[in-house]
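Okay, thanks for coming, everyone. I'll walk through one chain today, from the overall fold down to a few individual residues.

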Amino acid sequence: WMKANASELGIDATRIGIAGQSSGGHLAMLAAMRPSDGRYSKLPLEDGGGIDASVSCVGMLWPVINPLSRYRYAMGLNASAKPPKWSGHIPAAHDTYWVTEDAMEEGNPMLALERGEAVATPPALWIQGQPDAVHDYVDTFTGQEMTEPERFAANYRKAGGDIEVLYVEQDTRSSTPVFQALADFFV
């Protein structure tokens, strides 16, 4: 829509980026990686036929980059003797949105890279609070020792993308300096 209406909005259609926080960060990266995927362009735009949906960059703030691993992570925590408060609702929320683990696997930026899919890799910024057990954890199902931000960044770079992971104190992640870093990235 923004590209189709760029002249009316007074913007450069070639300089449109996308950003999101948590689940929105997942959606931003998925849209950036799969701009030509027909599953994501089902809604027609008035006079928008043939508009290229690619973006010039993507910013993510503590994204749920791997919904399947987070689902399994929360399920494991919920089965423990003292599950953290945050994990209680995660499996049901994922079941409502995704319905199946197969869907969590298919709509997964991390796994798309690991499957070797041909995806777009625009410049990216991942801002991650620490400590953050909700978004910055090790997926024990993979046997790897990298956290999800480290794993995604390594996969993204391997696919030819340029990504920076900026770690900030968890207590300051929703502060003006953090949002300024995101704004500076988009300039």
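Before anything else, one term: when I say two residues touch, or are in contact, I mean that they have heavy atoms within 4.5 Å. And keep in mind that what you're looking at is a predicted model.

Setting aside residues up to four places away in sequence, aspartate 139 touches Asn66, Ser69, Gln144, Met146, Glu148 and Arg151. Where does aspartate 139 sit? You'll find it in the loop between strand E3, residues 124-130, and helix H7, residues 148-158. Is aspartate 139 buried or exposed? Its relative accessible area is 7%, and buried means under 20%, so aspartate 139 counts as buried.

Okay, zooming out. The chain has 8 helices and 4 strands, and along the sequence they come in the order α-β-α-β-α-α-α-α-β-α-β-α. If you want a box for the C-alpha atoms, it's roughly 55 × 35 × 30 Å along the principal axes.

Of the 187 residues, 41% count as buried. Take the contacts with a separation of 6 or more: 72% of them are between residues 24 or more positions apart. The accessible surface is about 10200 Å², with 55% of that belonging to carbon and sulfur atoms. On charges, we have 14 positive and 24 negative, and their mean positions are 4 Å apart.

Leucine 113 is in helix H6, residues 109-114, and at a relative accessible area of 10% it is buried. Which residues does leucine 113 contact, leaving aside neighbours within four places in sequence? The list is Met33, Val119, Phe152, Asn155, Tyr156 and Ala159. Look at phenylalanine 152 in particular: it's 39 residues from leucine 113 in sequence, yet the C-alpha atoms are 8.3 Å apart in space.

As background, most residues other than glycine have a negative phi, and most peptide bonds are trans.

So which two residues does a cis peptide bond join? Those are glutamine 130 and proline 131, with omega at about -5 degrees. Proline 131 is in the loop between E3 and H7, and that's also where we found aspartate 139.

Then there are two positive phi values to go through. Tryptophan 62 has a phi of about 40 degrees, and it is not a glycine. It belongs to the loop between strand E2, residues 57-61, and helix H3, residues 67-78. Tryptophan 62 has 1% relative accessibility, so it counts as buried.

The other one is valine 99, where phi is near 75 degrees. Valine 99 lies in the loop between helix H4, residues 90-98, and helix H5, residues 101-106. And is valine 99 buried or exposed? At 59% relative accessibility, valine 99 is exposed, whereas tryptophan 62 is buried.

That's my tour; over to you for questions.

Methods:
Residues numbered from 1 in each chain as written. Predicted model: local features only at pLDDT ≥ 70, side-chain atom pairs only at ≥ 80, totals over all residues. Heavy atoms only, no water. Buried < 20%, exposed > 50% of the residue type's maximum accessible area, 1.4 Å probe, protein only. Areas by Shrake-Rupley, 256 points an atom, 1.4 Å probe, with all protein chains shown as cover. Lys, Arg positive; Asp, Glu negative; His and termini not counted. Charge placed at Lys NZ, Arg CZ, Asp CG, Glu CD.
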